[in-house]
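The entries follow the order in which I looked things up.

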Amino acid sequence: MSTTFIDEKPTQTLEPFKGVKKVPHEEYYTAGHRTCQGCESAQVMKLMAKAAGPRTIVLGATGCMYVANTSYYSTPWGVPWMHTQLGSAGSGALGVAAALRAQMRKGAMKDEPINVIAFCGDGGGADMGLGAISATMTHPDYNLLILLYDNETYANTDIQVSGTSPWGANTSFSTPGKVKRIMHHRWKKNVAGLILAGHPTVNYVGTISTSYPLQAMNNIRKALSIGGPTFIHCLNPCPKGWDFDPVLSFELGELAVNTGIWPLYEVEKGKLKLYGKTEQIANGRFKRLPVAEYLLKQGRFAHFTEEDIDFFQSKVDEMWNNWLVPGVIPLQKDI
Amino acid sequence: MATLTMPVEEKKKTSEQEALITGAEAIAIACKLANVDVVTAYPIRPYDTVMQYISQLVADGEMDCEYIVAEGEHSQFEIVKHASACGARVFCGSSGVGWMYAMEALTVTPALRLPLVAMVGNRALDDPGAFGVEHNDALAVRDLGWMLTWVDSAQEALDTALIAYRVAEDRRMFVPLALSCDGAFLTHSQSLVNIPTAEQVKKFLPRYDRGDLLLHPDNVISVAPQANEDWVMEIRRQNFAVTEYACDVIREVYADFEKIFGRKYGNPFFEEYMTEDAEVVLLGMGTLSTPVRVAIRKLREQGKKVGFVRLRWFRPFAGPEIAKCLERFKAIGVIDRDFSFGSPNLSGVVATEVRSAMYTGSTARPPVLGFICGLGGREVTVPDVENMTEIVFQAAKGKTQPWTQWIGLRG
Amino acid sequence: MPELVSFASVEKFITDKLKNPLKVTSARTAYDRFTAIEIKPGQGNPEELFNFGLPKWEDMRLGVSIKGQPQGGPYEDPVSKTVGGFRPVRNELFKKYTTRTMRPVVNFATCTKCTLCWLNCPDASFDVTPDGTYDADLKGCCGCGICEAVCPVKDCITMVNESEFHDNDSQWARFKQDRDAYLQWLEKTIEEAEPVEKRSQGFRYRGQYQEQVPAALEIANKG
C-alpha cells in the first residue's frame with residue numbers, strides 16, 4: 001500500500017459520448033412515473049441513468065424523484081434502486097460503496113467496477129443532508145457520485161423554500177404579502193463551490209444543466225470514471241414550483257445559464273474549467289442576458305418590482321465582476 | 001467477586017482462549033470472529049469503546065472490514081443500513097441520545113428487512129443525562145420491528161453477538177437486532193470470557209446471503225418505492241409475520257450454539273435463579289442481576305423464599321413462556337431500569353409488558369409490582385433488593401398498592 | 001353539463017370567505033376558458049389504463065422490493081416488417097396519458113433526425129423508429145410541449161388539443177401505412193391548432209403577469 005494509505009479501486013471507463021447521435025438508446029430510467037409535465041428533475045434522472053449504464057446502483061433520497069417516481073408496486077428504474085432518507089444521500093452512497101469493496105476484497109462478490117450514485121434534491125442535499133455529503137466527500141477510497149438535482153424548493157411537499165431558493169422567490173413558505181413583499185431574503189447557497197473549496201481531495205465537482213444534455217451526461221460519465229467521491233449539482237426548472245408553462249422548461253434552463261445566474265463549471269483534480277456559454281461569458285464572447293429575461297418568465301417572481309429586479313441583477317453582476325472566480329469562489333478579487 | 005452467570009459444565013479443551021475482557025471488547029471480538037464486512041463508528045460513551053477495540057483489531061490486521069468513522073449517528077446507521085442491503089455483514093452501535101439521533105435510520109431498518117446487529121451501550125438520555133445505564137434508549141425501538149436483547153456478562157455478550165448474526169441474517173428473519181449492554185457496568189467492567197475459535201464460528205455462522213433481495217446490477221429491483229394506503233398494512237403485516245415464528249428460530253439457534261460451542265443457555269428467553277421453590281420472584285434485565293443474586297442468596301440464608309427471573313429477550317417477548325413461568329408465584333416484582341411517564345400504573349416498560357403477558361397468558365393473577373430503580377447508573381444495591389423483596393412479600397399478602405415504587409431515591 | 005353548484009355561488013364564496021377579488025377574476029377566467037365536450041356511450045378512448053390486482057401480504061415480495069424494468073429493444077416497421085430503431089420498455093403500471101391536454105403530432109417527412117425531442121423528453125416518450133425518426137409514444141406522453149420547443153424544424157412537432165383524439169395509436173405506423181393521407185391530416189391539424197401564444201397552459205412570457213394582474217384586478221374591483 002502506498003504511503004497515502006488510500007486504497008483506490010478501479011472505476012468503469014466511461015468515454016464521453018461523441019455527439020447526440022452517439023448517445024445510446026437504452027433507458028435505465030424509463031417512462032411511467034408521476035412527475036409533472038415538463039419536469040426537468042426527471043430529465044436529469046433520465047440523463048444520469050443513461051450516462052451511467054447498467055452496471056450501476058442508484059440510491060434515491062426522499063424528494064420528488066422518490067415520491068413522484070417510485071410509487072410502490074411500480075418503478076421506472078432499469079437499474080437497481082433503493083430509497084434512502086432525506087438527509088442520507090451522502091451516507092447511503094458510502095454504505096453501498098463500502099459493502100461492494102469489502103465483499104469484492106473477500107471474494108464474496110465478483111470484483112468489477114460498479115457505479116454508485118446517490119441523488120438528492122436541494123432540500124435533501126443543500127439543507128438536511130449537507131453534513132453527510134461533506135463527510136462522504138472526505139473518503140478518498142470510495143468511488144461514488146452524489147448528484148444534487150436543484151429545483152430550488154422542497155418541491156414534493158408543495159414547493160417550500162430551501163437553502164437554494166433564489167432571493168425573493170414566491171414559495172409556499174415565502175409568500176409575498178401586504179406588509180412583506182419579500183419573505184425569502186436569503187441568497188442562494190453555492191453548494192458546488194462549498195464542496196470544492198472545503199474538500200481538497202475530491203477529484204470532481206461540477207455543475208450541469210439539463211438544457212445542455214450532452215455535456216451533462218459526459219460530465220456524469222467523467223465523475224463516475226475519475227475515482228473517489230464526486231459531486232455534481234444540476235439546475236432543474238420546475239414548471240409547478242416556478243410557475244411557468246412546461247413548454248418553457250428547456251428554454252429556462254438555457255436562460256439561467258445565459259443570464260449568468262447558473263454558471264457551468266467543473267473542477268477536475270483541482271483544475272477549474274468554465275464550459276459552455278459560461279466560458280463564453282467569462283472570456284467576453286457572449287454578453288450576459290439581463291436577469292429580467294429569466295425572472296419574468298416565471299410566476300414565482302411575478303411580484304418583483306423594478307427595485308427587486310435591479311437588486312437581483314446587482315448580485316449576479318457582483319458574482320461576475322467581483323468574485324475571485326465568477327460563480328465559483330465568492331472572495332473579493334483583491335486579496 | 002465476579003459471579004458466573006451460567007453453570008459451566010465443562011471447559012472445551014479445543015484451544016479456546018480465555019481472556020479477562022470487558023463487555024465491549026467481547027463484542028469487538030465477536031465481530032472479528034463473525035468476519036463483519038462494514039463497521040461504522042461514532043463517539044459517544046459508553047458504547048464507543050467497542051469501536052476503539054475494533055479500530056485496533058483492524059489496524060493490527062486481525063479483522064478485515066471497512067471501518068468508517070461517520071460524522072453523526074444518523075449517518076452511521078444509514079451507512080450500515082445500505083451496506084447491509086448490498087449484502088455486507090454489518091456492525092454498528094450507539095448509546096443514549098446518539099441512538100436517538102439515529103432514530104430515522106433505526107425506524108426504517110427493520111421495515112426494509114435489513115439484518116443489522118447493533119450494540120447499545122445503554123445510557124441515560126440527556127438531558128438530564130449521565131453516562132450511566134438507563135434502558136430507555138434501546139427500548140425506544142421496541143415497536144418498530146427490532147429484536148432486543150439484554151446481556152449481563154461479557155461472556156454472554158460475546159455469545160449473544162454471534163447468536164445475533166445467526167438469528168438476524170436467517171432468511172426467515174432479516175430483521176435487525178439491538179444487543180444491549182448496560183453502560184459502564186457491562187461495557188467497561190472485565191470478566192473472564194472463553195473466546196471461541198474461528199473454526200467453531202465458521203460452523204455456526206453461515207455467510208450472509210441476501211438472495212433475491214440483494215441490491216446489485218445482476219438483480220434489478222427497486223427497494224422501497226413509496227407505498228401508500230393500498231400497501232402499507234400488507235407490508236407491515238409481513239414484518240409482523242416474523243414475530244410469529246421468531247421465538248422458534250431463536251430456540252433453534254441456541255440449540256445449535258450449545259452443540260457447537262458447548263455452552264448451555266437453556267431457555268434462551270429468560271434465566272431463572274433460585275426459582276424452584278420460590279414464593280415470590282423479582283424480574284429484571286441486564287447487570288442488575290449481580291446485586292439481585294447476591295441479595296437473594298443473603299435472603300435465602302434468612303429463610304426467605306425468593307427467586308429471580310432475568311429476561312434476556314425483550315423482543316420478541318416470549319409472553320406465553322413468561323406467563324407460564326410466573327403464574328405459580330404469589331407475587332412478582334419487576335425491576336425497571338427505565339421509566340415510562342404516564343404509563344398504566346406509572347410502571348416502567350418491562351412491568352407493563354409482563355402484566356400484559358400475564359393477563360392473556362394465564363388465568364392466575366399474582367400481583368405484579370413495578371419498581372423504578374438504578375436510573376442513570378445509580379447502583380441497584382443489595383439493600384435496595386432486600387427492600388424490594390420485602391415489598392413483594394407484602395404484596396403476596398395482599399398489600400399491592402402502590403403498584404409502582406421508586407427505589408433508592410432520595411426523598 | 002350538470003351544474004351542481006352555480007358559478008355565481010363560487011364567486012360569492014371567494015368574495016365572502018377569501019376576500020380576494022383577484023382570485024374571483026382568476027376563477028372567472030378559468031371558467032370562461034373551460035369547454036365541455038359531450039361524450040356519448042361508446043365514444044372516447046376505450047384503452048384500459050392499467051390492470052393489476054392488489055395482492056395479499058403473503059404474496060408480496062419481501063423487503064418492500066419490486067422487480068425493476070427490463071430493457072427495451074428494436075421493433076418492427078408495420079409495413080416493411082424490417083426490425084430496427086429502439087422502443088424502451090415503459091412502466092406498464094403507470095401511463096400518464098390521461099393527464100394530457102395536448103399531444104405532439106409529428107411530421108416524419110421533414111424530421112431531420114436531430115435526436116433533440118427524444119433526448120430532451122423527461123418521460124422517455126419517443127420511440128426511435130426503424131427509419132431513425134422519432135415517434136411519440138402516446139401512452140406515456142403527458143403533453144408538456146418540450147419536444148415542440150426544442151425541435152429545430154418548423155411545424156415538425158406541433159402540440160394540438162387532445163380532445164380531438166380517442167386513441168393512443170402510433171402516428172408513425174399511420175404514416176408508414178398511408179404517407180399521403182397522414183401528411184394531409186397533419187397539415188389540416190396543424191392549421192387548426194392553437195398557437196403557443198393562445199394556449200392556456202400556464203405562465204408563458206415575460207410580463208404576462210404584469211399585464212394580466214392589473215387588468216384582472218380592475219375587472220374584479222368593478223364587478
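Which strand order does the open sheet of six strands in chain B have? I read the order as S10-S12-S11-S14-S15-S16, with mixed pairing. Strands here are DSSP runs of E of at least two residues, helices are runs of H or I of at least four, and both are numbered from the N terminus. Two strands pair if DSSP finds at least two bridges between them.

Before going on, I note that this is a predicted model, in which local features need pLDDT of at least 70, side-chain atom pairs count only at pLDDT 80 or more, and totals for chains, interfaces and linings use all residues. Residues are numbered from 1 along each chain as its sequence is written, and chains are lettered from A and ligands numbered from 1 in the order in which they are written.

**Sheet of chain B.** I looked at the edges and found strand S10 (270-273) and strand S16 (404-407) of chain B there; each has a single partner strand, so one side of each is left without a neighbour in the sheet. On average, neighbouring strands of this sheet are turned by 25 degrees against each other, direction ignored. Strand S11 (residues 280-284) and strand S12 (residues 306-311) of chain B run parallel and are joined by five bridges. Leu283(B) has Val309(B) in S12(B) as its bridge partner. I then saw helix H12 (residues 349-361) of chain B lying across S11, S12, strand S14 (331-336) and strand S15 (368-373) of chain B, at about 145 degrees to S14(B). Such angles run from 0 to 180 degrees between N-to-C directions, with axes fitted as lines to C-alpha atoms, for helices over the stretch in contact.

**Two helices of chain B.** I checked helix H1 (residues 23-33) against helix H7 (residues 154-168) of chain B: their axes are 8 Å apart and they pack at an angle of about 30 degrees. H1(B) and H7(B) are therefore roughly parallel (under 35 degrees; over 145 is roughly antiparallel, 65 to 115 roughly perpendicular, the rest oblique). Among the residues making the contact are Ala26(B) and Leu33(B) of H1(B) and Ala157(B) and Leu162(B) of H7(B). Contact here requires C-beta atoms, placed from the backbone, to lie within 7 Å.

**Chains A and B.** I found 42 residues from chain A and 39 residues from chain B in the contact. Helix H3(A) gives the most to the side of chain A that touches chain B, with 12 residues. Trp81(A) stands opposite Ser222(B) in S9(B).

**Single residues.** I found a cis peptide bond between Arg45(B) and Pro46(B), with omega about -5 degrees. Pro46(B) sits in the loop between strand S2 (38-41) and helix H2 (49-59) of chain B. The bond from Asp127(B) to Pro128(B) is also cis, with omega near 0 degrees.

Is Thr115(C) buried or exposed? It counts as buried, with 21 C-beta neighbours inside 10 Å (buried is 20 or more other C-beta atoms within 10 Å, exposed 12 or fewer, partly exposed in between, with C-beta atoms placed from the backbone). Thr115(C) also has a positive phi of about 80 degrees, although not a glycine. Asp158(A), with phi near 90 degrees, counts as exposed, with 12 such neighbours inside 10 Å.

How values were computed:
Two residues are in contact if their C-beta atoms, placed from the backbone, lie within 7 Å.
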